[in-house]
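Welcome! Take a moment to look over the sequence and the model, and then let us walk through a few parts together.

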Amino acid sequence: MRKIVIIGGGLAGLISAIQLIRAGVHCTIFEKKSYPLHRVCGEYVSNEALPFLRTAGLYPQQLKLPQIKFLEFSSVAGDTVKLRLNLGGFGISRYSFDNYLYVTAKREGVTFQINTEVTAVNFKDDQFEVETSFGKTYADVVIGAFGKRSKLDIQQHRSFVGKRSPWVGVKYHVRSEHSGDVISLHNFQNGYCGVCNVEDGITNLCYLTHRDNLRNSGEIHQMEQEILFRNPHIKRLFNDSTFIFSKPEVINEISFETKSPVENHILMAGDAAGMIAPVCGNGMAMAIQAAKILSELVIKHCTGQSSRQNLEADYEDSWKKSFGFRLWFGRNLQHLFLQREISAMAVKLARSSKLMSNLIVRGTHGKPF
């Protein structure tokens, strides 16, 4: 039997583990925190992931999730346009989704090492040595699903780590009058704010801002009033909502640089393999699809149908074909939308040209899988 270690228990790690255990491949997940937990995330899942989730029995039907059919987009000045989404999607918090998958994985036999941080991974003599805060373990295959930025990225000397990123992510859960069938994207100076409803009548409010905004204002609350509130839709949302969190969830140094899906023989999944700009609203669906692709290839390897070399080459090829263009498109789209004049022009174009608006939506999304 091959021993599989998965580092990180987010969407990509949990779904990979469930698919592996169902095929008779034992695996262990190392997660540095404990469930349930909040993560900085837009909490919108494109319906391209729906066929897989339903077939695999991983769609949490009992949560009665809001079904999202429209995208509302506003410029920095507050001009808006509302578009129908071709596929649509649903809203679900990471707090509930990750915990649902964790309970499912544990019930099906996946081994967990909770509150355990992996500090180093070394590959030698066709085997991995995985160092944790509690000792060492050994594995034949390691899946890296450790999120947007980790100490392991530094330990593995990944190229993007040397390039400082100016992006800060901030997330709140609030109770608001936001419509359940709409996901909103509100622009502000050097940033944008995504808004969608999740389970239990909660609204997720998550924004990305350049660190200069925070540096100039001094602290988050002041920055929100000085910068974000220039967009009247954001100001109204903040002022008219009841905040559930006592303080926001925050993550620094979010990198949109190109990453490799295979690094020192570690198979990367989710944001560890590459993060799509949040403006595209498609990171969760991509993590789910990457887990599906990766688990199928690992099962093939563990049953003797492919070598390690073939496993790595096949995964890298499949990952790039599935996500390469979307990541490139997302980076460029974000760069354009963060410019005040272009965001205003984009609203006008979307109003006057259905073809243009459809091209933007299709460029950031894939096909149902």
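How many residues does helix α9 have, and how far does α9 reach from its first C-alpha to its last? Helix α9, residues 308-337, has 30 residues and reaches 41 Å, close to the 44 Å expected at 1.5 Å a residue. That expected span is 1.5 Å times one less than the number of residues in the helix. Helices (H or I, at least four residues) and strands (E, at least two) are DSSP runs, numbered from the N terminus.

Before going further, a word on where this comes from: the model is predicted, so local features need pLDDT of at least 70 and side-chain atom pairs count only at pLDDT 80 or more, while totals for chains, interfaces and linings use all residues. Residues are numbered from 1 along each chain as its sequence is written, and side-chain values use heavy atoms, with hydrogens and water left out.

Now follow α9 to Phe323, where a kink of about 45° is centred. The bend at a residue is the angle between axes fitted to the seven residues ending there and the seven starting there.

Helices α8 (283-302) and α9 each supply at least two lining residues, and the largest share, four residues, comes from α8.

Finally, turn to the strands. An open sheet is formed by three of them in the order β7-β8-β9, with antiparallel pairing; two strands pair if DSSP finds at least two bridges between them. Because β7 (118-124) and β9 (135-139) stand at the edges with a single partner strand each, one side of each is left without a neighbour in the sheet. Strands β8 (residues 127-132) and β9 pair over five bridges and form a hairpin with two residues between them. Within this pair, Val130 has Thr137 in β9 as its bridge partner, and Phe128 stands opposite Ala139 in β9.
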